[in-house]
Amino acid sequence: MLKSVEKVNQIFTTILKLVYINFLWWLFTIFGLGIFGAGPSTYALVSIMRQWIRGNTSIPIFSSYWKYYKESFKESVVISWIYALIGCVLVIDLLYVSNWYLKVFFVIISLLYFLSAVYIFPLMAHYNWKGIFFRMKMSFIFGFSYLQYSLLLFVVIGATYWTAITFFPGILTFFGVSFLFYVITWTANQVFTRMELQNTEVVEDTTLYQITKERINEKTIKVSQR
């Protein structure tokens with residue numbers, strides 16, 4: 001009985017956290033006037049969700065959000081602009097190109113674009129890698145290398161949001177952003193963990209193993225707990 005009560009309490013706590021961090025995403029996005037706020041706010045949201053998924057569930061949410069919002073502000077803004085620009089170009093091309101061969105070509109390019117876009121912020125939160133275009137390249141490689149995870153992610157997101165928009169549109173006000181990025185961050189964490197385990201198993205030579213570890217360069221959890 002006590003375990004059931006604790007389980008229910010845990011579920012409601014998680015729901016409240018998702019609602020709260022969804023509110024923070026909008027607050028900090030508006031704080032940055034949209035074009036300057038969406039990227040850093042998304043990075044902060046994903047960074048906190050990464051901590052939750054890795055078991056660090058007791059971190060102070062607001063102060064951590066603010067810390068992450070400032071942490072990679074410039075890179076997050078530039079990356080959000082690049083992906084937004086590419087996305088706009090692809091949408092316009094898909095809407096106005098009449099040639100079917102070109103349409104198929106742009107559909108394939110759009111799929112490659114989404115493969116990179118869904119992993120870029122989880123990758124930024126997970127690794128200390130430098131360079132915007134290097135990060136974009138690696139996010140695409142992760143998405144393409146673990147295509148089965150990526151396609152399943154697209155299906156789950158599509159089905160969930162189609163159901164929500166059709167039957168419960170009001171729920172998106174409270175979970176529209178946070179639930180989306182929770183699913184993305186959870187999937188990305190599975191991909192990163194598998195990749196790191198594979199590297200550990202395949203690389204037997206200690207020198208090469210050390211090089212691989214240095215290339216992984218995973219971020220450590222530095223947020224203090226209260």
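A residue counts as buried when its relative accessible area is under 20%. Keep that cut-off in mind for this tour of a predicted model.

**Stop 1: helix α3.** Select residues 61–71, which make up α3. Which residues of this helix are buried? Colour Ile61, Ser64, Tyr65, Tyr68 and Tyr69, and you have them. Now turn the view until you look down the axis of α3: the buried residues fall within an arc of 140°, so they line one face of the helix.

**Stop 2: helix α6.** Next, pick residues 132–145. This helix, α6, has 14 residues, and from its first C-alpha to its last it reaches 20 Å, close to the 20 Å expected at 1.5 Å a residue. Highlight Ile132, Arg135, Met136, Met138, Ser139, Phe142 and Gly143, the buried residues of α6. They cover an arc of only 165° around the axis, and that puts them on the same side of α6.

**Stop 3: Leu33.** Move to the loop between α1 (2–31) and α2, where you'll find Leu33. Is Leu33 buried or exposed? Its relative accessibility is 67%, so Leu33 counts as exposed, the cut-off for that being over 50%. Check the backbone here too: phi of Leu33 is near 60°, a positive value in a residue other than glycine.

**Stop 4: Thr42.** Carry on into helix α2, residues 38–53, and click on Thr42. With a relative accessible area of 5%, Thr42 is buried, because that value is under the 20% cut-off. What does Thr42 touch, leaving aside residues up to four places away in sequence? Show the side chains of Trp25, Phe121 and Phe181, and there are its contacts. Hold on to Phe181, as it turns up again at the next stop.

**Stop 5: the largest pocket.** To end, colour the lining by class, and you'll get 15 nonpolar residues, 3 polar ones and no charged residues.

Note on methods:
Residues numbered from 1 in each chain as written. Predicted model: local features only at pLDDT ≥ 70, side-chain atom pairs only at ≥ 80, totals over all residues. Heavy atoms only, no water. Helix = DSSP H or I, 4+ residues; strand = E, 2+ residues; numbered from the N terminus. Expected span 1.5 Å × (residues − 1). Buried < 20%, exposed > 50% of the residue type's maximum accessible area, 1.4 Å probe, protein only. Arc of directions from axis to C-beta. Contact = heavy atoms within 4.5 Å. 1 Å grid on protein atoms, 1.4 Å probe; cavity = no way out; pocket = protein on both sides within 12 Å on 5 of 7 lines; lining within 4 Å. Nonpolar A, V, L, I, M, F, W, Y, C, P; charged D, E, K, R; others polar.
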